[in-house]
Structure formats: structure tokens, C-alpha cells
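The stops below go from single residues to the whole chain.

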Amino acid sequence: MKCIFLYNPNSGKGKIAKRIGLIEKRLHSKYEEVTIYAARSAQDLEDKARECAASYDAVIFSGGDGTFNNILQGIGDADVQLGYIPGGTVNDVARSLGIPRSVKGALKVILKGYSDRLDCMRINGERYAMYIAAAGAFTQATYRTPQKQKRALGALAYAFEGIRNNLKFDVFPLRVECGGKISDTHAVLILVMNGRSVAGFPINRDGSMTDGELEVAVIHQVQRPGFFRRIGAIFSVASLFAFGCRIRKKDITYLKGDCIRIFTSEDVVWDFDGEEGVRGNVKIDVCPRRVKLFVPKK
């Protein structure tokens with residue numbers, strides 16, 4: 001059997017590049033042939049994953065949640081075994097699945113060989129996301145935060161970037177059709193979740209990547225909020241991140257379903273797994289059991 005190890009040398013604090021020797025040695029205990037490839041860019045990573053999906057027994061990769069997203073785009077519809085070594089700043093996919101965020105711990109999961117089939121999301125019939133599709137307050141911080149700042153401050157860098165640029169909480173129109181329910185409103189934040197963790201917080205504690213459903217949280221706002229309404233929205237966002245989807249507030253709506261249609265302004269930018277996505281209207285479907293990944297047996 002043979003595998004390829006793809007990694008993003010810029011993810012996190014560059015720790016993976018320092019552990020290549022260990023990773024190659026450990027993978028050789030499971031695979032006769034191990035190829036190591038350092039991606040030059042996100043597009044290069046995606047292209048390489050596409051190229052290798054049919055010619056390797058396993059595609060092992062390392063990086064952050066954005067890297068996971070690149071791999072999903074790359075493999076497309078190919079049914080290939082994946083293995084993941086978290087190497088990013090937050091690693092929400094790993095947190096949701098209980099994959100250790102240490103190199104040695106993640107390697108143990110891969111070498112033990114227990115694999116499960118996980119759900120992912122498909123947006124507008126053409127683009128994949130693993131754990132989150134989001135728009136509104138703070139969501140642009142994940143891809144606008146400079147790499148140098150992330151290396152220096154870790155997850156705090158996202159918070160500083162979000163506060164610096166997003167504290168105004170722009171209001172946008174929103175129509176959500178999900179699970180037979182329709183919500184017509186204005187909002188400051190919408191989260192469509194497949195995982196348990198968002199930005200390092202266990203917001204969707206009861207979520208699962210194997211139940212065939214997505215969870216949606218919407219924080220409402222009036223179209224032209226005054227000072228106190230804006231302060232209220234800040235507290236609602238803070239409450240959602242602090243207490244998760246169990247918090248009950250009149251300006252937060254929760255929905256659940258396997259297909260979500262969202263209609264909004266053309267200038268609303270979507271975040272998919274921490275990467276900048278499309279603008280405007282989206283249709284998000286569950287792809288049940290689409291991703292074959294080494295995971296902890298529990």
C-alpha cells in the first residue's frame with residue numbers, strides 16, 4: 001500500500017515542517033511507500049489532492065481547517081481514504097471529531113486504522129465545506145488575519161482582527177428555508193454547522209458529523225438598529241459563543257435540516273471552513289457519509 005502526505009508549511013506556527021522526519025517514519029510502519037509533498041499554495045494543495053485521489057491508497061494531510069477544505073475540493077467525488085494531522089491555528093474539525101491536536105496523537109489515530117464515513121456540506125451544487133458555512137459578524141476574520149499575526153498570537157489573532165473590523169455588526173436581509181420552516185428577517189450573523197466546534201468554541205455541542213443533518217443559528221437584528229440594539233447584538237453573539245446553542249434568547253433562532261436555502265444581499269460574503277467563499281444566495285445540502293476519514297474509535 002502507498003500513501004501521500006500533503007501539508008501546508010504555513011499553517012499554524014509551522015510545527016509540521018519541523019516534524020516531517022517523524023511523520024514519514026511513522027507512516028512507513030503502515031504503508032510501504034510514503035510520498036511527502038509540501039504545497040506551494042492553497043490551489044496547489046487542491047490540485048495535488050485531485051491528482052492523487054485515484055492513485056494512492058490514502059491521502060494523509062496536515063494544516064488547518066482551510067487546508068481540510070482544500071482537500072475536500074480536490075478529491076471531489078473520489079472515494080479515497082483520508083487521514084488528518086491538525087496543524088492550524090484553531091483546528092475546529094479536529095476538535096469536533098476528537099482527533100488529537102498533537103502530531104504524535106494524530107498519527108496514532110491514523111496508524112490504528114479505524115475509519116468512519118462523515119457528512120460534509122455541498123454549496124450550490126459545486127463547492128464543499130466540512131463543518132461551517134457562515135456570514136456576518138466576525139466571519140471574515142478567519143481569512144483576513146495576517147499569517148504573521150496568527151503565528152504570534154494563535155487563536156487570539158482572530159479575536160483582535162474581528163474586534164478591529166467587525167464590531168459594527170453590519171445588518172443584512174435574510175430568508176432561511178430549512179426543515180419546512182421559513183424565517184424572514186434581518187440578521188448580524190448566521191451559522192450553518194456540521195461540526196461541534198466553531199472558532200475553538202463548542203457552540204454546537206450536540207452536533208454530529210454522522211447524523212445527516214445541519215444545525216443553523218441566526219442572530220436577528222432590526223434593519224436600522226440604534227445604540228442599544230447594537231449593544232444587544234454584541235451580547236447575543238457573545239452568549240452564543242460562550243454557552244452554545246443551548247442559550248435561549250428571543251433574538252436567536254435555531255433550525256435543523258438536511259437542506260438549507262438562504263436568500264440574502266449580493267454583497268454578503270460567505271465563509272466556508274475559514275476560507276472566503278461565494279456571495280449572496282446559497283443552497284446548502286448535506287452529503288451523507290461522503291468523507292472517509294481515520295478517526296478515534298470513540
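Is aspartate 47 buried, partly exposed or exposed? Aspartate 47 counts as partly exposed, because its relative accessibility is 34%. Buried here means under 20% relative accessible area, exposed means over 50%, and partly exposed lies in between (1.4 Å probe, protein chains only).

Before moving on, note that this is a predicted model, in which local features need pLDDT of at least 70, side-chain atom pairs count only at pLDDT 80 or more, and totals for chains, interfaces and linings use all residues. Residues are numbered from 1 along each chain as its sequence is written, and side-chain values use heavy atoms, with hydrogens and water left out.

**Stop 1: helix H2**

Select residues 42-52, which make up helix H2. Helices (H or I, at least four residues) and strands (E, at least two) are DSSP runs, numbered from the N terminus. Show the side chains of aspartate 47 and arginine 50, which lie in this helix three residues apart, about one turn. An α-helix has 3.6 residues a turn, so residues three or four places apart point the same way. The two side chains form a salt bridge, with the closest N and O atoms 3.1 Å apart. A salt bridge is a side-chain nitrogen of Lys or Arg within 4 Å of a carboxyl oxygen of Asp or Glu. Arginine 50 counts as partly exposed, because its relative accessibility is 42%.

Now colour Asp44, Leu45, Glu46, Lys48, Ala49 and Cys52, the buried residues of H2. Their cover includes strands S1 (2-7), S2 (33-38) and S3 (58-63), and also H3.

**Stop 2**

Select aspartate 79 and arginine 117, whose side chains meet in a salt bridge of 3.0 Å, N to O. This pair links distant parts of the chain, 38 residues apart: aspartate 79 is in the loop between helix H3 (65-75) and strand S4 (81-86), and arginine 117 is in strand S5 (residues 115-123). Aspartate 79 is exposed, with a relative accessible area of 53%, whereas arginine 117, at 30%, is partly exposed.

Next, select lysine 249 and aspartate 251, which form a salt bridge with their closest N and O atoms 3.5 Å apart. Lysine 249 is partly exposed at 31%, while aspartate 251 is buried at 17%. How many salt bridges does a search of the whole structure find? It finds 12.

**Stop 3**

Select residues 181-193, which are strand S9. Two strands pair if DSSP finds at least two bridges between them.

- S7 (residues 132-136) runs antiparallel to S9 and is joined to it by five bridges; glycine 136 has leucine 189 as its bridge partner.
- S8 (residues 172-178) is also antiparallel to S9, with seven bridges; valine 176 has serine 183 as its bridge partner.
- S10 is antiparallel to S9 and has six bridges to it; leucine 191 stands opposite alanine 217 in S10.

S8 and S9 form a hairpin with two residues between them, and glycine 179 in the turn has a positive phi of about 55°.

**Stop 4: helix H9**

Select residues 227-243, the 17 residues of helix H9. The expected span is 1.5 Å times one less than the number of residues. For H9 this gives 24 Å, and the end C-alpha atoms are 24 Å apart, which agrees. Its buried residues are Ala233, Ser236, Val237, Ser239, Leu240 and Phe241. What covers them includes S9, S10 (214-220) and S11 (252-257). Just after H9, glycine 244 takes a positive phi of about 75°.

**Stop 5: the whole chain, coloured by confidence**

pLDDT is the predictor's confidence in each residue, from 0 to 100. The chain averages 89, and 89% of the residues score at least 70. Confidence is lowest in helix H8 (residues 156-166), with a mean of 46, and highest in strand S12 (residues 259-264), at 98. Over residues 150-164 the pLDDT is below 50, and this stretch has 33 contacts (heavy atoms within 4.5 Å) beyond near neighbours in sequence. Where pLDDT is low, the predicted coordinates should not be read in detail.

Finally, select everything: the protein chain has nine helices and 15 strands. Of its 298 residues, 53% count as buried.
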